[in-house]
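Please open the structure in your viewer and keep the selection tool at hand.

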Amino acid sequence: MTTDHEFRYLGYAQEVIFAPGALARLPDAVQRFGWSRLLLVTSGSARRAGQVEQLERLLGGRLLAVYDHVQPHVPEAQVAEAVSLAAQHTVEAVIGLGGGSPLGMAKAVSQGLEAQRTGQPARAAFPTEQPLVPVIAIPTTYAGSEMTAVYGVTRQKPGGGTLKVTVTDPKVAPKLVVYDPELTLDLPSELTASTGINALAHCVEALYSVTRHPMSTAAALGGLRYISQALPRCHAEPRDLPARADMLAGAHLAGASLASAAMALHHGLCHVLGGTAGVPHGIANSIILPHAMRFNAGAQVPPPPAQAWGELAAAALGLPPADSPIAAAMAAADWVYQLVGRLGLPQHLRDAGVNEADLPRLAQLAFESRTVQNNPLPITSPAPLEALLRAAW
Ligand code: NAD
């Protein structure tokens with residue numbers, strides 16, 4: 001083995017159950033784990049869709065409390081409320097039901113409770129340490145948080161405004177993940193499309209990640225194949241269960257690639273656009289992804305595999321071979337841009353409520369982000385970020 005083929009990544013012990021109707025298997029799984037005191041954190045849409053009632057019926061007396069108004073980007077004040085509700089009921093596990101925000105909230109509650117109960121910081125010293133209060137994740141969007149050991153919380157800054165901070169800790173990776181495509185049948189069109197592009201973005205950034213490895217690359221390519229086929233089908237026919245199942249399988253692979261390879265420019269910019277400019281996460285993804293792909297078209301990442309990321313991506317999207325790796329990456333970026341348009345999503349930051357005068361400040365914040373600093377092409381000043389944001393505006 002040459003030094004070119006070195007890699008290192010963390011894997012997490014998780015039980016993953018995937019099936020139409022899988023929600024009905026939750027009571028058995030919870031029983032096997034021996035959890036009898038549960039908190040559910042979710043957003044208003046799950047209550048309106050009848051999913052909270054479904055869980056209440058399935059879990060009966062084991063479900064002690066429900067926090068059902070998690071806001072996008074997980075405001076810190078809400079974390080304190082949910083931790084206190086969980087502490088009051090001495091819960092043994094926290095269920096996150098919904099998109100990336102309720103799932104992030106479940107992770108934040110798990111950490112908050114552990115710190116409260118042990119009086120110690122909840123962070124794992126070793127990647128194999130297990131949480132005191134594990135997370136159960138039941139995703140209803142394609143954002144992929146169920147597979148990862150990361151969550152974001154939005155903080156009020158002392159001088160005004162908000163900032164999103166992310167926490168990475170192996171302990172918060174959900175121990176039980178239940179994927180039920182039936183829960184996504186009523187996912188509204190814009191959320192289907194935009195969280196689907198978020199999943200696509202995980203795959204793309206995993207392919208050019210500075211820490212990519214054979215497993216993350218395999219997951220990313222599999223994810224791209226599923227998503228590129230299934231997302232247009234879900235958009236055209238929202239209640240097509242096989243299409244929804246394919247799309248959720250793609251989101252699972254995308255989440256797996258996100259979980260084990262460092263993300264880059266695209267994710268760093270989207271966090272700033274969400275946490276500071278208030279752009280919904282999937283919309284930020286839809287606007288930024290083609291620009292991030294073009295920016296990184298010439299990026300070379302260590303093998304394996306030896307093939308350039310753009311060629312890998314273009315082939316997985318079903319595009320014909322291009323003349324060079326850069327041309328392949330550009331073709332893949334154009335394909336994504338056109339898909340975003342076909343799905344009826346915004347393609348410009350100005351259409352997502354971002355003020356042009358804010359672009360330099362957003363570029364500066366992104367420049368300070370660790371995720372942006374993981375970009376395969378080094379970013380040594382805020383200037384290229386501002387140029388990218390202007391192109392996306
Ligand atoms: P979200 O969880 O913020 O939800 C957005 C909206 O979708 C909410 O109004 C919610 O009520 C609604 N919704 C969710 N599921 C629905 C359904 N089935 N039917 C109807 N409405 C539904 O959105 P998201 O895009 O899933 O997640 C974005 C958040 O997750 C961001 O904060 C992002 O940073 C984070 N995220 C984290 C990770 C990670 O690995 N930690 C990965 C991806 C995203």
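Which helix gives the most to the shell around the ligand? Select α5, residues 100-118: with 4 residues, α5 gives the most to that shell. Please bear in mind throughout that this is a predicted model.

Now select the whole shell. The ligand is surrounded by 25 residues, and the closest are S45, S101, T141, T148 and K164. Colour the shell by residue class: 14 of its residues are polar, 9 are nonpolar and 2 are charged.

Proceed to S145, where a polar side-chain atom is 3.5 Å from a nitrogen atom of the ligand. At V150, display the backbone: a polar backbone atom of V150 is 2.7 Å from a nitrogen atom of the ligand. Taken on its own, the ligand has 860 Å² of accessible area, and the protein covers 85% of this area.

Finally, colour the protein by domain. The domain assignment gives domain 1 as residues 15-183 and domain 2 as residues 188-392.

The C-alpha centres of the two domains are 25 Å apart. Select the boundary between them: 21 residues of domain 1 are in contact with 28 residues of domain 2. About 2,000 Å² of area is buried between domain 1 and domain 2, and carbon and sulfur atoms give 66% of that area.

Conventions
Residues are numbered from 1 along each chain as its sequence is written. This is a predicted model: local features need pLDDT of at least 70, side-chain atom pairs count only at pLDDT 80 or more; totals for chains, interfaces and linings use all residues. Side-chain values use heavy atoms; hydrogens and water are left out. A residue is near a molecule or strand if one of its heavy atoms lies within 4 Å of it. A polar contact is a pair of N or O atoms within 3.5 Å; within protein, one must be able to donate a hydrogen and the other to accept it, and residues adjacent in sequence count only if both atoms are side-chain atoms. Accessible areas come from the Shrake-Rupley method with a 1.4 Å probe; for residues, only the protein chains shown count as cover. Helices (H or I, at least four residues) and strands (E, at least two) are DSSP runs, numbered from the N terminus. Ala, Val, Leu, Ile, Met, Phe, Trp, Tyr, Cys and Pro count as nonpolar, Asp, Glu, Lys and Arg as charged, and the others, Gly among them, as polar. Domain bounds come from an automatic or database domain assignment. Contact means heavy atoms within 4.5 Å. Buried area is the accessible area (1.4 Å probe) that two parts lose on being put together, summed over both.
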